[in-house]
Amino acid sequence: MLPSTTRRTSTRLLTLGAGVVAVALALTACSSGSGGGSASGGGDKNYKITFLPKNLGNPYFDTSDKGGETAVKSFGGTYNQVGPSTATADAQVSYINTLTQQQVGAIVLSANDPTALGSALTQAKQSGVKIVTFDSDTDAKYRDVFVNQATTEGIAKVQVDIITKEIGDSGEVAILSASANATNQNAWIELMKKDLAADHPNVKLVDTVYGNDDDQTSFDKTAALLQTHPNLKGIISPTTVGVAAAARYLSTSDAKGKVKLTGLGTPNQMREYVKDGTVDEFALWNPEDLGYLAAFTAKALIDGKITGKKGDSFEAGKLGKFTVGDNATVLLGDPFVFNKDNIDKFNF
């Protein structure tokens, strides 16, 4: 989508045709603006940093990329955001190819597939473009550093802990995921299955469906889950689009309050559903901090301060110092659980 969070995380949360693509990039450059600096974005350093989320129009990525823009502007770089309207790997490939041709300094990418982007990313790296993945990773050989929002184990566990508590640790549950090939979703789901099997023998996972990070598709999939599984007691949706769409469906259905829902969402999306009793608790990190950290990671790569080697360290502006861990990964922190007692403290 951690029974407890660290003080550090809580503090952060308080303080988320090639020709056609080229035209889209040019238009986005006009609309998104730059972060100042020279044409290369920072003197002799190529600080032209472009964010490529899974899809545009997604509130989660709107928030994370806002953090990226803030960071890039703070160090005098040139920020841009481009991306497809639908969350598919094929759509992302064209953007990667065009950005390589434009000789950007770094691409900050949330991948729609772990391997399908490999050829395009390899060509970009060979051309000198730094590749930072965030939110959803590729195979490690295709990027320089992955900025992980939280550990895979922690994200999976917090969602299982919430749903099993809410349904009394017994009954049928289902998962409403994003796309079938999403790297992060699939990793979390596999760990959820293991956790349920090992520690919650009376909870049965009866179905996993995919809303493709599309609001209406996710809404419809939620309706179908309830029709297909009349004894369903809970839904886990580890995607901000999915959990909000599922909540919207449940809020006006007879299942409101009877079928429990949790997952990964933003406070602004989920506030009304928490307050009206549709959702008791859900989890996330601060996506704005995630984008901010990803941008500073790209800068550190461009500056040569890090290479992706374990033990490399760098400063990430207001977030402080970070160290590269195993598999060229930088960790933002632990997930945070939102509920009616704390949700009004957050605005993202």
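1. In this predicted model, Arg248 has a relative accessible area of 29%, and therefore counts as partly exposed, since that class lies between under 20% for buried and over 50% for exposed. Its salt-bridge partner is Asp215, and the closest N and O atoms of the two are 2.4 Å apart.

2. A second pair to look at is Lys54 and Asp135, which form a salt bridge whose closest N and O atoms are 3.8 Å apart. This pair links distant parts of the chain, 81 residues apart, with Lys54 in the loop between strand S1 (48-52) and helix H3 (59-74), and Asp135 in the loop between strand S4 (130-134) and strand S5 (145-148). Lys54 counts as buried because its relative accessibility is 3%, and Asp135 counts as buried because its relative accessibility is 5%.

3. Lys260 and Asp280 also form a salt bridge, with the closest N and O atoms 3.1 Å apart. Here too distant parts of the chain are linked, for Lys260 sits in strand S9 (residues 260-263) while Asp280 sits in the loop between helix H10 (267-275) and strand S10 (282-284), 20 residues apart. Asp280, at 33% relative accessibility, counts as partly exposed.

4. The structure as a whole holds 12 salt bridges.

Note on methods. Residues are numbered from 1 along each chain as its sequence is written. This is a predicted model: local features need pLDDT of at least 70, side-chain atom pairs count only at pLDDT 80 or more; totals for chains, interfaces and linings use all residues. Side-chain values use heavy atoms; hydrogens and water are left out. A salt bridge is a side-chain nitrogen of Lys or Arg within 4 Å of a carboxyl oxygen of Asp or Glu. Helices (H or I, at least four residues) and strands (E, at least two) are DSSP runs, numbered from the N terminus. Buried means under 20% relative accessible area, exposed over 50%, partly exposed in between (1.4 Å probe, protein chains only).
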